[in-house]
Amino acid sequence: MATFSLTFLSFLLVLTTTEFAAAVAVATTNPAASFIRTSCRATTYPAVCVQSLSTYATVIQKSPKQLVMTALSVSVDKAQSTKTFVSRLTKFRGLKPREYAAIKDCLEEVSDSVDRLSKSVQELKRLGRAGGPEYIWHLSNLQTWVSAALTDDSTCLDGFSGRALNGRIKTSIRARMNNVAQVTSNALALCNKYAGKY
């Protein structure tokens, strides 16, 4: 039995190493993947950035604007998914009053985050030619909306501070909100990088 387990583990290690090497080979030969990887270096969470955007390499190609649009869309999707999750938590039976209040507050914050991220996508679509007054106006709005969404994510988590709210609900919300905050932070960094170039 021990020999089988060791053989099986060795097989898994070889398989995993082979798949990783293949992924690295594709990423280094694909210009779009390379563009994403290079762009993600400007973010706070580069590994999350690469992981969340690489599946869209064919859409992004080497377009800075499409990179930002995709990063924002990923943030909207993650925030919307989290909003649905938190909304379902409000229906749990047996919640303590303080838990229920924190969940309701978080739902409001994540709803605001979804709204602001959606508005940021619309602002990016409205960008005119680089350098024009409307361009600067829309770009500034875009940065403001994404930054406000990031604040909403943080505010949701603030409602679960303290030991009184420790438990599975806090842990599950924290994990989801941290992921939303990371992709939103990355989107903001990519927006700022884009703004700096144009």
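This is a predicted model: local features need pLDDT of at least 70, side-chain atom pairs count only at pLDDT 80 or more; totals for chains, interfaces and linings use all residues.
Does T38 count as buried, exposed or partly exposed, and at what relative accessibility?

1. T38 counts as partly exposed because its relative accessibility is 38%, and partly exposed residues lie between the limits of under 20% for buried and over 50% for exposed. The residue belongs to helix α2, which covers residues 31–40. Twelve residues along the chain separate T38 from V50, and the distance between their C-alpha atoms is 9.1 Å.

2. V68 is placed in helix α5, which runs over residues 64–89. With a relative accessibility of 1%, V68 counts as buried, since that class requires a value under 20%.

3. L188 is 120 residues away from V68 in sequence, yet the two C-alpha atoms are 8.5 Å apart in space. When residues up to four places away in sequence are left out, V68 touches L124, L190, C191 and Y194.

4. R176 is located in helix α8, spanning residues 168–197. The relative accessibility of R176 is 32%, and therefore R176 counts as partly exposed.

5. R176 also takes part in a positive surface patch, whose other members are R88, K91 and K104. Membership of a patch requires over 30% relative accessible area and no salt bridge; the value for R176 is 32%.

6. In summary, V68 counts as buried at 1% relative accessibility, whereas T38 counts as partly exposed at 38% and R176 counts as partly exposed at 32%.

Conventions
Residues are numbered from 1 along each chain as its sequence is written. Side-chain values use heavy atoms; hydrogens and water are left out. Helices (H or I, at least four residues) and strands (E, at least two) are DSSP runs, numbered from the N terminus. Buried means under 20% relative accessible area, exposed over 50%, partly exposed in between (1.4 Å probe, protein chains only). Contact means heavy atoms within 4.5 Å. Patches are made of residues with over 30% relative accessible area and no salt bridge: like charges are joined within 9 Å, nonpolar side chains (Val, Leu, Ile, Met, Phe, Trp, Tyr) within 5 Å. Accessible areas come from the Shrake-Rupley method with a 1.4 Å probe; for residues, only the protein chains shown count as cover. A salt bridge is a side-chain nitrogen of Lys or Arg within 4 Å of a carboxyl oxygen of Asp or Glu. Lys and Arg count as positive and Asp and Glu as negative; His and the chain ends are not counted. The place of a charge is taken as NZ of Lys, CZ of Arg, CG of Asp or CD of Glu.
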